[in-house]
Amino acid sequence: MEKKQNNLIPLVTLTSLFFMWGFITSMNDILIPHLRSLFQLNYLQSMLIQFCFFGAYFIGSVIYFAISYFKGDPINRIGYKNGILLGLLISAVGCALFYPAAATSKYGIFLMALFILGLGFTLLQIAANAYVSLLGTEESASSRLNLTQGFNSFGTTIAPVLGGYLILEFFADKSGIISADSTKIPYLIFAAIFLLICVAFYVIKLPDFATDDTGTTGFGALKFPQLKRGIFGIFFYVGGEVAIGSFIIIFLKQANIADMPEAISKNFLALYWGGAMIGRFIGAISLSQGLPPAKKLLYMAGTSIIVFLLILSIVNLTLVEIYPYLIFMVLNLAGFILGRSAAARTLFLFAVVNIILLAIAIFVNGHAAMWALVGIGIFNSIMYSNIYTLSIAGLGKYTSQGSSLLVMAILGGAVIPVIQGALADVPSIGLQKAMLLPMICYVYIAYFGYFCWKNVDHSLIDNKPAAKH
């Protein structure tokens, strides 16, 4: 009981961090249409925003893994707290660089700022995700990570509405001319917030999980089959999710889909990311320990409704306008019930649903295609946290090294949107058919979920005691 009390403050502090990097990551989806109009970019060029941001995850993780291979795990040497502090400082610098980027109105400087911001987030991802997993038992790791990821999704939900208002309206040129200046003040504010969080982490006492085994070198983490497959799982998950989020505003603007202006479609982007928040909070309850099935179901249904009402209060939409979304909420709850609180089984089921939704978005026009694409968000919800915890289950002293490899795989967020942008630029393919690429991503995720369902030791990842032999 004492351990839970000691871990409460660190978990709350980390939750604020997850919220902030979710917010900033989702801001890229506002920058894409804004900078695309400002610099007259095609689909491929506009996707360089995601390429530089998520490409930094790959570069940063390669550096981290190289140090880990030759010198021993850096996080085990400096500690998780110092790793998080360094990540926050680098993130603040990245945000601050938006000011000179806007002042000079140079697309290349915007991309450089995003790359540095991504480097900071790389270190935060490596340290914070593993740290959350260590704040308790391995059995409840998926539940804790889903909880913190839920607040990450709260950030991604608010960003399109609040960030979109700041950049596209409040700080925009009142004459209606598209200008880079509208990004100056918002990103300076974000830099200041990162510095404040950094001070908070410095002051608050956090448990130290750095081990004495600082000399663990080599590729020891890669001997675990679930990790090797999980690396590709993260690659395809982040790639698919980011590609869809990056194109939602443009997709809804298509005449054969909804012919919707950016000022309205940003709310549906918020709903896409908000769906992940609904699913992650439900997932935290579904994978939690000690709750009777009937009470767990009641809590899950109640949480779903409360979070949906919260999203409704954030987006500039009425219940009448978004009532079709209630169908996805019911399906999501049914998926958790069929998943039986098992991380791998639930991951498999949700991936299959997203494959079906993408097929509808590709081969059907009008609002059916629009809602199918927006509805994917709620089924994305538990994917990152479940893939992550399934991948590092049982890694022991190789956990940080495994975490760095998984963060390296966030490269998918750089690669998949760029390839999709290139496909969308081909006249014979177009944006709608280019959604076949994210569909392929979810096919692999379904495979990974099925593999772990049948092969990984479930006592390490699900709400079940280990079997006695």
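Is Asp181 buried, exposed or partly exposed, judged by relative accessibility?

1. Asp181 counts as partly exposed, at 39% relative accessibility. On this scale, buried means under 20% relative accessible area, exposed over 50%, and partly exposed in between, with a 1.4 Å probe and protein chains only.

2. The model is predicted: local features need pLDDT of at least 70, side-chain atom pairs count only at pLDDT 80 or more, and totals for chains, interfaces and linings use all residues. Residues are numbered from 1 along each chain as its sequence is written, and side-chain values use heavy atoms, with hydrogens and water left out.

3. The whole structure contains 2 salt bridges, each a side-chain nitrogen of Lys or Arg within 4 Å of a carboxyl oxygen of Asp or Glu. In one of them Asp181 pairs with Lys184, with 3.5 Å between the closest N and O atoms. Lys184 counts as buried, at 17% relative accessibility.

4. Lys253 and Glu262 also form a salt bridge through their side chains, at 3.8 Å from N to O. Lys253 is partly exposed, with a relative accessible area of 45%; Glu262 is likewise partly exposed, at 22%.

5. The search of the whole structure also finds 2 cavities of 30 Å³ or more. A cavity is a set of points, on a 1 Å grid over the protein atoms alone, where a 1.4 Å probe fits but cannot get out; lining residues have an atom within 4 Å of a point. Grid points are joined across faces, edges and corners, and a volume is the space filled by probe spheres set on the points.

6. The largest cavity holds about 240 Å³ of space. It is lined by 17 residues, of which Trp21, Thr25, Gln125, Asn152 and Glu241 are the closest to its centre. The lining has 9 nonpolar, 6 polar and 2 charged residues; Ala, Val, Leu, Ile, Met, Phe, Trp, Tyr, Cys and Pro count as nonpolar, Asp, Glu, Lys and Arg as charged, and the others, Gly among them, as polar.

7. Helices contributing at least two residues each to the lining of the largest cavity include helix 1 (2-39) and helix 3 (48-71). Helix 10 gives the most, 4 residues. Helices here are DSSP runs (H or I, at least four residues), numbered from the N terminus.

8. The second largest cavity has a volume of about 30 Å³. Its lining includes Thr25, Asp29, Gln50 and Trp273, and helix 10 supplies the largest share, 3 residues.

Note on methods: On a 1 Å grid over the protein atoms alone, a cavity is a set of points where a 1.4 Å probe fits but cannot get out, and a pocket is an open set with protein on both sides within 12 Å along at least five of seven lines; lining residues have an atom within 4 Å of a point.
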